[in-house]
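Okay, thanks for coming, everyone. I've got one structure to walk you through today, so let me put it up on the screen.

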Amino acid sequence: MAIPCVRLRHALTVCWGLALCVLCWSLPARAADFAQALSALGQDDSDAMQAAIVDLGASDDPRALAALTALADGKLFVDESKGLFIKKDETFVDAKSGQPATPSGNATALRANNQLRRVLGPTLAQLVVGA
């Protein structure tokens with residue numbers, strides 16, 4: 001009777017080990033995914049922006065909440081080099097790093113149309129509840 005218990009314990013140990021490996025392997029990809037999704041917010045394509053909003057909502061990165069809140073409030077700006085900046089009072093903060101920064105050239109506010117707001121609202125709610 002001890003043999004099935006040992007096999008079960010061994011199987012559970014292997015499963016936990018595999019799960020841990022998958023989790024550790026995906027952490028660097030999540031950081032890259034955040035940067036990629038954030039840069040996609042600066043695109044002119046509404047479909048790409050929608051996908052970026054969904055990806056940022058799933059990223060578990062606290063910077064995603066700041067960027068999406070800024071987009072909803074009309075405080076997310078894109079500069080000529082497609083860098084994204086959050087306007088705080090009279091200064092700008094780099095959306096990727098969270099550090100004070102100066103946009104290159106003219107910075108234009110990103111506007112969320114109704115199509116983007118339909119995706120943005122639930123995504124922000126999910127991020128706020130999860131924070």
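**Starting from glutamine 50**

Let's begin with glutamine 50: setting aside residues up to four places away in sequence, its contacts are Gln115, Leu116 and Val119. Before I go on, keep in mind that what you're looking at is a predicted model. So where does glutamine 50 sit? You'll find it in helix H2. And is it buried or exposed? With a relative accessibility of 18%, glutamine 50 falls under the 20% cut-off, so it counts as buried.

How do the two helices pack? The axes of H2 and H4 are 9 Å apart, at an angle of about 5 degrees. That makes the pair roughly parallel. Sorted by class, the H2 and H4 contact holds 8 nonpolar, 6 polar and 1 charged residues.

As a general rule, nonpolar side chains in soluble globular proteins tend to be buried together. Here, the largest nonpolar core has 26 residues, and Leu41 and Leu76 touch the most other members. Which elements give two or more residues to this core? They are helices H1 (2–40), H2 (46–57), H3 (62–73) and H4 (114–130), plus strands S1 (76–78) and S2 (84–88).

Let's zoom in on leucine 41. Beyond its neighbours within four places in sequence, it is in contact with Met49, Ala52, Ile53, Leu56, Leu68, Leu71, Leu76, Leu84 and Leu110.

Next up is glycine 42, in the loop between H1 and H2. Glycine 42 is buried, at 3% relative accessible area. Not counting residues up to four places away in sequence, glycine 42 touches Val78, Lys82, Leu84 and Leu110. Take leucine 84 in particular: 42 residues separate it from glycine 42 along the chain, yet their C-alpha atoms are 6.8 Å apart.

S2 pairs with S3, residues 91–94, in the antiparallel sense, over 4 bridges. Within that pairing, phenylalanine 85 stands opposite aspartate 94 in S3. The hairpin of S2 and S3 has 2 residues between the strands, and in it aspartate 89 takes a positive phi near 55 degrees.

S3 has another partner too: S4, residues 100–101, is joined to it antiparallel by 2 bridges. There, phenylalanine 92 has alanine 101 in S4 as its bridge partner. This hairpin has 5 residues between its strands, and glycine 98 is the one with a positive phi near 80 degrees to look for.

Last stop: asparagine 106, in the loop between S4 and strand S5 (108–109). Buried or exposed? Asparagine 106 counts as exposed, at 59% relative accessibility. Leaving out residues up to four places away in sequence, asparagine 106 touches Val78, Asp79 and Glu80. And from asparagine 106 to phenylalanine 77 is 9.5 Å, C-alpha to C-alpha, with the two 29 residues apart in sequence.

Happy to go back to any part of it.

Definitions and conventions: Residues numbered from 1 in each chain as written. Predicted model: local features only at pLDDT ≥ 70, side-chain atom pairs only at ≥ 80, totals over all residues. Heavy atoms only, no water. Core = buried A, V, L, I, M, F, W, Y, C linked by side-chain atoms within 4.5 Å. Buried < 20%, exposed > 50% of the residue type's maximum accessible area, 1.4 Å probe, protein only. Contact = heavy atoms within 4.5 Å. Pairing = 2+ DSSP bridges. Axes fitted to C-alpha atoms, helices over the stretch in contact; angles between N-to-C directions. Parallel < 35°, antiparallel > 145°, perpendicular 65-115°, else oblique. Nonpolar A, V, L, I, M, F, W, Y, C, P; charged D, E, K, R; others polar.
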